[in-house]
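Please read them with the structure open beside the text.

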Amino acid sequence: MDYDEPLFFHVIQYAHHADRDVVDMVSGNPDWDPPAALREGLHEYADAPTAAFQYPPSDGLRELREEIAERRNVDPSRVIVTIGGGEANYLAMARAMERDAGDEFVLTDPVYPYYPGKAQMLGGRVRMVPVHENGQLDMDAMREAITDETVCIVVNTPNNPTGAVYPRETIEELVSLAEAHDALLLADEVYDHFDFSGDFESALTIDSDHRIVTSSYSKTFAITGFRVGYAVFPESLVEKAKTRHMLVNVTGARPSQAAVLAALQSTGPEYYEDVRDSLRTRIDAFCDALDAAGADYTRPEGAFYVLARFDGFPGTMENVKTLIDEAGVAGMPGEAFGTARDEWIRFALCTPRAQEAAERLAEYFS
Ligand SMILES: Cc1ncc(COP(=O)(O)O)c(C=O)c1O
């Protein structure tokens, strides 16, 4: 079986060892603060009795699952707290393969590279469907690609790397297609708190036994190192996913879950609004500077990535390394996300130096 290592770490390492100052726009590691209640929750946990340091329930701390279930308007029995959104996606994709309803994963192109990697690792075949220039799904192409061999359609909204937010009709149609072909729709919503368009609709609002929704606190609370995410399964699919989660991990980490629970209980809407506001400012500044650099780019409707294309400078790994060495800006090569955007470079706006980076790009390409 063949599966590839995602390229992120390779580029990060290259940028880290460069001989010059480099603005790192490679990874989606937030540089902003988590909510105050998260740190307080963690401090409090450190002083808890020893019993609180032992295994939590395998599917997650009961109160955390209840809190998530209430917010997502589902029964707590359908929620599994996972080791980040990464494990939630793995459980969903593995569950799709276990149903013996085919072996093909329908993914978008460009794609978050961990999906094809996971699909291949699970023994599935991958079919990539190019999206429209603006990042929205090409539903004619999706309809054609989804067949009775499809086990799972994997989509991500708000989207990494395109920044697209899919309208409700798109999600509705995907659910119908999954139902019609006895497949599962996996909607990865890890950027659900980063919608700038106001159009984001969770797939959970469309009731179906054929869709799984995953999310994570990595980005929501700026804690990619805590490793807390979750999956919401249909009742008919959840038990086996819980068993897989238990066999692979025993359970998740309790301090992280306790801190996330504290943050959920005590964080008001201002936290999320402030983060979105500061990201909007970054997006505007970065896009203005890209205009000055004469680049094509997509202004994100959600998440915090910008895809940009510079004339005569395709987004290959080699060119990305040249940009690191000669312009002092590190992005991700478009070719890491499939073939549809291999001319493009993805920049993560997880640095207060986003504007400076864009100015460096403008200077380099002028
Ligand atoms: C689309 C998407 N899904 C899942 C993840 C993984 O999230 P987590 O850190 O919660 O595993 C990421 C991380 O960048 C992502 O961009």
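**Notes on the model**

1. Leaving aside residues up to four places away in sequence, M97 touches D103, L122, G123, G124 and V151, where two residues are in contact if their C-beta atoms, placed from the backbone, lie within 7 Å. M97 itself belongs to helix α4; helices (H or I, at least four residues) and strands (E, at least two) are DSSP runs, numbered from the N terminus. Between M97 and T150 the C-alpha to C-alpha distance is 9.7 Å, although the two are 53 residues apart in sequence. M97 counts as partly exposed because it has 18 C-beta neighbours inside 10 Å; on this scale a residue is buried if 20 or more other C-beta atoms lie within 10 Å of its own, exposed if 12 or fewer, and partly exposed in between, with C-beta atoms placed from the backbone.

2. Two remarks on conventions belong here. This is a predicted model, in which local features need pLDDT of at least 70 and side-chain atom pairs count only at pLDDT 80 or more, while totals for chains, interfaces and linings use all residues. Residues are numbered from 1 along each chain as its sequence is written.

3. Around the ligand there are 13 residues, of which G84, G85, G86, S216 and S218 come nearest; a residue is taken as near a molecule or strand if its C-beta atom, placed from the backbone, lies within 6 Å of it. Helix α4 (residues 84-98) supplies the largest share of this shell, three residues. Sorted by class, the shell has ten polar residues, two nonpolar and one charged, where Ala, Val, Leu, Ile, Met, Phe, Trp, Tyr, Cys and Pro count as nonpolar, Asp, Glu, Lys and Arg as charged, and the others, Gly among them, as polar.

4. Two cis peptide bonds deserve a check. One runs from D109 to P110, with omega near 5 degrees, and P110 sits in the loop between β3 (104-109) and α5 (114-121). Another joins N160 and P161, with omega about 15 degrees, and here P161 lies in the loop between β5 (150-156) and α7 (168-180).

5. The backbone angles of two aspartates also call for a look. D100, which is not a glycine, has a positive phi of about 55 degrees; D100 is placed in the loop between α4 and β3 and counts as exposed, because it has 7 C-beta neighbours inside 10 Å. D182 likewise shows a positive phi, near 50 degrees, in the loop between α7 and β6 (184-188), and with 13 other C-beta atoms within 10 Å D182 is partly exposed.

6. Which residues of α9 are buried? They are L237, V238, A241 and H245, and, seen down the axis of α9, the buried residues fall within an arc of 100 degrees, so they line one face of the helix; the arc is that of the directions from the helix axis to the C-beta atoms. These buried residues pack against β2 (79-82), α4 and β8 (229-232), whereas the face turned away from them carries the exposed residues S236, E239, T243 and L247. The length of α9 (residues 235-249) agrees with expectation, since its 15 residues at 1.5 Å a residue should span 21 Å and its end C-alpha atoms are 22 Å apart; the expected span is 1.5 Å times one less than the number of residues. After α9 comes V250, with a positive phi near 65 degrees.

7. Strand β2 is covered on both faces, with V79 and V81 buried on one side and I80 and T82 buried on the other. β2 runs antiparallel to β8, to which four bridges join it, and the bridge partner of T82 in β8 is G229.

8. An open sheet is formed by four strands in the order β9-β10-β13-β12, with antiparallel pairing; two strands pair if DSSP finds at least two bridges between them. β9 (296-297) and β12 (332-333) stand at the edges with a single partner strand each, so one side of each is left without a neighbour in the sheet. β9 is joined to the antiparallel strand β10 (residues 305-309) by two bridges, and D296 has R309 in β10 as its bridge partner.

9. In α13 the buried residues are A354, A357, A358, R360 and L361. They cover an arc of only 155 degrees around the axis, which puts them on the same side of α13. Their cover includes β1 (23-24), α11 (269-292), α12 (317-327) and β11 (329-330).
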